[in-house]
Amino acid sequence: MPRYRITVEYDGRDYAGWQRQENGPSIQAALEDAIFRLCAEHVTVTGAGRTDAGVHARGQVAHFDLQREFPANTVRDALNAHLRPAPIAVLDAATVGDDFHARFSATARNYEYRMLCRRAPPALDAGRVWHVGRALDAEAMQTGANLLLGQHDFTTFRAAECQAKSPVKTLDVFDVRPMASEIIFTAKARSFLHHQVRSMVGTLKLVGEGKYPPNHMARILAACDRTACGPVAPPEGLTLVRVDY
């Protein structure tokens with residue numbers, strides 16, 4: 001039984017998230033339907049990250065097993081044909097060993113969050129950035145972000161419905177980079193809690209506005225209290241960029 005690994009790009013605006021669910025269309029269900037149309041097999045597609053409703057991906061990784069073997073390029077091209085016109089694309093496909101698991105074999109997830117800091121609303125990037133409508137202090141935000149690096153109890157930045165067994169995570173990278181009228185946040189960790197990246201970005205926005213000093217991020221983190229968190233940043237600015245193995 002061959003196992004296939006695919007890399008997937010998608011616009012998450014019209015989806016209830018990666019995971020198959022009853023309350024709306026999902027990326028997982030769209031891929032599983034495309035696979036059924038290819039080979040009439042009902043399979044489960046396992047993703048590296050369960051992105052939320054409205055969150056995008058440029059490098060989501062997933063795997064699935066088939067009874068019948070196809071050339072990897074045939075799988076890629078056939079799935080893309082069956083996915084049209086959905087905003088989902090299989091960038092590549094490859095056969096892998098049975099020991100590969102899209103979720104458990106991953107060593108890091110890399111996310112990017114885009115914040116648009118100008119008065120005018122986005123025209124070309126609507127639905128792909130958080131429009132905050134004003135300039136923010138990126139340097140202060142980076143100082144605050146640095147206080148979150150390393151291994152911590154991230155309960156403050158954890159959604160109430162998070163199913164992770166432990167709130168302790170290791171944040172390897174959290175960069176804040178101004179680019180023209182945007183601020184780009186880059187986060188890397190082996191795994192993240194539900195809403196962790198969006199919660200950290202939303203809280204740092206308060207630092208950028210001058211409502212909190214940068215060192216207040218350490219106190220917010222140490223509180224281990226969800227009520228200490230700032231507003232959760234909206235999903236449209238978040239993209240799963242790459243999964244490392």
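Q: Is Phe-154 buried or exposed?
A: Buried means under 20% relative accessible area, exposed over 50%, and partly exposed in between, with a 1.4 Å probe and protein chains only. Phe-154 has a relative accessible area of 0% and is therefore buried. The model is predicted: local features need pLDDT of at least 70, side-chain atom pairs count only at pLDDT 80 or more, and totals for chains, interfaces and linings use all residues. Residues are numbered from 1 along each chain as its sequence is written, and side-chain values use heavy atoms, leaving out hydrogens and water.

Q: How many aromatic pairs does a search of the whole structure find?
A: Rings of Phe, Tyr and Trp (its six-membered ring) pair if their centres lie within 6.5 Å; planes under 30 degrees apart count as stacked, over 60 as edge-to-face and the rest as tilted. The search finds 8 aromatic pairs. One of them, Tyr-4 with Phe-64, is stacked, at 5.7 Å centre to centre and 25 degrees between the planes.

Q: Where in the chain do Tyr-4 and Phe-64 lie?
A: Strands are DSSP runs (E, at least two residues), numbered from the N terminus. Tyr-4 belongs to strand 1 (residues 3–10) and Phe-64 to strand 3 (residues 56–65), 60 residues apart. Tyr-4 is buried because its relative accessibility is 0%; Phe-64, at 1%, is buried as well.

Q: Why is the pair of Phe-154 and Phe-157 tilted?
A: The ring centres of Phe-154 and Phe-157 are 6.4 Å apart and the planes lie at 50 degrees, so this pair is tilted. Phe-157 counts as buried, at 0% relative accessibility.

Methods. Helices (H or I, at least four residues) and strands (E, at least two) are DSSP runs, numbered from the N terminus.
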